[in-house]
Protein chains: 2
Amino acid sequence: MPVHSRRGETLSHSPIRVLMPYARAAKAAGTHVYHLNIGQPDIPTPPEALDAIRKNAETIIPYGPSEGLPTLREKVAQYYEKFAGSISPNDVFVTTGASEAILFALFSCCDEFDEVIIPEPFYANYLGFGHTSSIRIVPIPSSIETEFQLPGVEKFEELITPTTKAIFLCNPGNPTGCLYSKEELAQLMKLVIKYDLFLIVDEVYREFCYDEKFTSVLSFPDTHEHVIVIDSISKVFSSCGARVGFLVTRNKAIQKVVEKYAQLRLCPPYYGQKLAEVCYDYAEDYIRDAKAEYTKRRTILYESLKQIEGVKCYLPKAAFYNMTQLPVTDANDFCKWLLTDFTHHGSTVMLAPGSGFYLHKAYGLNQVRIAYILNEHDLRESVECLKIALDRYNNRGKEGILNHYVTEAPVKRVLAPSNDM
Amino acid sequence: MPVHSRRGETLSHSPIRVLMPYARAAKAAGTHVYHLNIGQPDIPTPPEALDAIRKNAETIIPYGPSEGLPTLREKVAQYYEKFAGSISPNDVFVTTGASEAILFALFSCCDEFDEVIIPEPFYANYLGFGHTSSIRIVPIPSSIETEFQLPGVEKFEELITPTTKAIFLCNPGNPTGCLYSKEELAQLMKLVIKYDLFLIVDEVYREFCYDEKFTSVLSFPDTHEHVIVIDSISKVFSSCGARVGFLVTRNKAIQKVVEKYAQLRLCPPYYGQKLAEVCYDYAEDYIRDAKAEYTKRRTILYESLKQIEGVKCYLPKAAFYNMTQLPVTDANDFCKWLLTDFTHHGSTVMLAPGSGFYLHKAYGLNQVRIAYILNEHDLRESVECLKIALDRYNNRGKEGILNHYVTEAPVKRVLAPSNDM
């Protein structure tokens, strides 16, 4: 029997999706699972965009241009002007989600074994994209103590070697909800110019900044050759399944290379692009409302988490994630236990274990990423559920636990499925 | 200024799309371009599938399962039974076009520098997929003299080394329209078992076999661990822009690896999958009609090409391509000239130069790939156009050419744009 590749063997599972089989089993056993583990918004997709798809009169769905539909590139370029200055439609490549844009950027900028510096914790799939493109990710730790703010520029400089090719950021940050300031980014800009590096920034959460103003790396003058921005309609327009993202750069040489990678896979999905076109027509009002909703949820999550003894958290500045420290020693085990051994009123919570967002094996072991993408009611219920779960998890094996809970939470119990303690 | 990657530099342009700028310029100058260069069918997408998209009532387009929608995997598994025997929905991965399925297959089976034997000429983008996955493509020549039939199994065996990991076929063949018989495939099966290789077969054209019966490599018993099939709705359901393909394998170890690559890019496009689901409901009637249309076009193309002096061609057995030898020494130059220096009645023809389908630089220089994806009228017009172009191209620089043509083709001339001789 022929053996699969070593690289296929060593590719990591997504930590966000790795617990899915347990979640499926829990659901099959009748448990309701609150998904705080994935960045899948519950906010409706812009209805005008959905309607446009319903009214589509095309009789044939042909290949489109590899770079994306010109009408969409035009709209995206216009949308970018408010935070990036002048952008040409030629600077915008439509991709199959931000995932493809990241792969295009890594393949276009880096050769095998080139190093890319990324602050950790980082979006876990960066690891897989780095693995697929055979680059070396060099993590630079940030800490929950400082709410995961950008490490000082000197920390980046210390890590630069002759094979460093790029710095990669996620701003606003997934999984941390951090937001890098204009001053911090300006410092990094000097560094990438000094060492002739690319600066690749995933800005898919840029519209969800709650207190401070967002700064795009596209807005800095005289750095156009260095900057590549990754974008997507998935989060901002609640259209994750449409698979439409963007790679934006003014670097003409990179454009020529990206064009070749784009031609290779023929074109991005037609329907997603038609949906995206209309999303941008309604962007201002839609984003204002979505942001108001996330602002509310952010506070609810933060205020509720604060009430749980032993939990360390902070008010995230942006995106819709909170990297939270739990009073457990092994968050991986706890997250699995939530799905296999716990229910409260017939429900449980699914979280993304924090260690999956770090390259350093010793980091994030007691952290989880919580996405505040549920409505107010569900968010409150799920944090209540988490609170009870933590207490029960940390008192496993001790006597009288069940009685303790009946006393503490004298609510009417749904007849428990077999895995409810 | 930071420099793009070497691998980005060395990635080839698609030979099918590389002439596009010239085509755009020709169109901008008012010339009508007959596109015989791309496999973009002009047959309508199944109207019932388009209607299903119009009736879609979802209010949110969320991430789907990484492996594809269960309903679609179920339908595809059922569809496969007629030519592959029993296939489980778990054996079917939905991908973003066949392009992604090919990348998943190469990354899952092969490590960097592993060798994959492919008969040439082959679909040009295989070169790019091989480049992206850092494998080594080992071409095995087939010839127009034998209508590009599968090279003898001994030719494959000669090329096998310790680093050979797979044999890759396109059956039915793009760009050749060849069809491999059950006996030929059985010989190859023995070889992949003997040397413990994977057999990856792109079967996207399987429904368009005009004279003989198609044999899927999935239909052979006792070879399940070796076989990976690539598929797509693009050609069979005229839905190239939907970006839905499939990777089908019964090899459980490969499934586990493919699942990780699938998770990495989150999910295939939602709308394309919903379209595909309905396509399979109407497959039988739709495919019968489409095949009848291509059968007619195949004959028209073949009969018309035969009339042109110096052209060598054959009646292709399958798909909708014909690899044709022209009476020119440099088909690349001729194909470009068609777009930059020729029109006939305000029209010209776009062809895919044959050399782009060969890895050996010396092969295919006087060949072109012709796709018979135009309706009868346009197909006849375009071959007429080609005939006149060949004559004019081969008589460039000789006196009296224009008079010659006026005499030979005394048709009413449209006022010629400036690039019409």
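P175(A) counts as buried because it has 32 C-beta neighbours inside 10 Å; a residue is buried if 20 or more other C-beta atoms, placed from the backbone, lie within 10 Å of its own, exposed if 12 or fewer, and partly exposed in between. Leaving aside neighbours within four places in sequence, P175(A) is in contact with P121(A), Y123(A), Y321(A), M323(A), F357(A) and R369(A), two residues being in contact if their C-beta atoms, placed from the backbone, lie within 7 Å. Y358(A) is 183 residues from P175(A) in sequence, yet their C-alpha atoms are 10 Å apart in space. Local features are drawn from this predicted model at pLDDT of at least 70, and side-chain atom pairs count only at pLDDT 80 or more, whereas totals for chains, interfaces and linings use all residues. Residues are numbered from 1 along each chain as its sequence is written, and chains are lettered from A and ligands numbered from 1 in the order in which they are written.

Most peptide bonds are trans. Here a cis bond joins N174(A) to P175(A), with omega about 20 degrees, and another cis bond joins N171(A) to P172(A), with omega about -5 degrees.

D222(B), whose phi is near 60 degrees, is placed in the loop between β6 (198–202) and β7 (227–232) of chain B, and it is exposed, with 8 other C-beta atoms within 10 Å. S238(B), whose phi is near 50 degrees, is placed in the loop between β7 and β8 (245–249) of chain B, and S238(B) is buried, with 24 other C-beta atoms within 10 Å.

**Packing of helices α4(A) and α10(A).** Helix α4 (residues 70–84) and helix α10 (residues 270–281) of chain A pack at an angle of about 35 degrees, with their axes 9 Å apart; the axes are lines fitted to C-alpha atoms over the stretch in contact, and angles run from 0 to 180 degrees between N-to-C directions. The contact is made by T71(A), L72(A), K75(A), V76(A) and Y79(A) of α4(A) together with Q273(A), A276(A), E277(A) and Y280(A) of α10(A).

**The contact between chain B and chain A.** The contact takes 61 residues from chain B and 61 residues from chain A, and on the side of chain B the largest share, 7 residues, comes from α9(B). Chain B can be laid on chain A with an RMSD of 0.0 Å by a turn of 180 degrees and a shift of 0.0 Å along the axis, the copies being superposed by least squares on the C-alpha atoms of residues with pLDDT of at least 70 in both. That is the relation of a two-fold axis. The same surface serves both copies, since 100% of the contact residues of chain B recur in chain A. Of the residues of chain B, R54(B) comes closest to the rotation axis, at 1.9 Å (C-alpha).

Conventions:
Helices (H or I, at least four residues) and strands (E, at least two) are DSSP runs, numbered from the N terminus.
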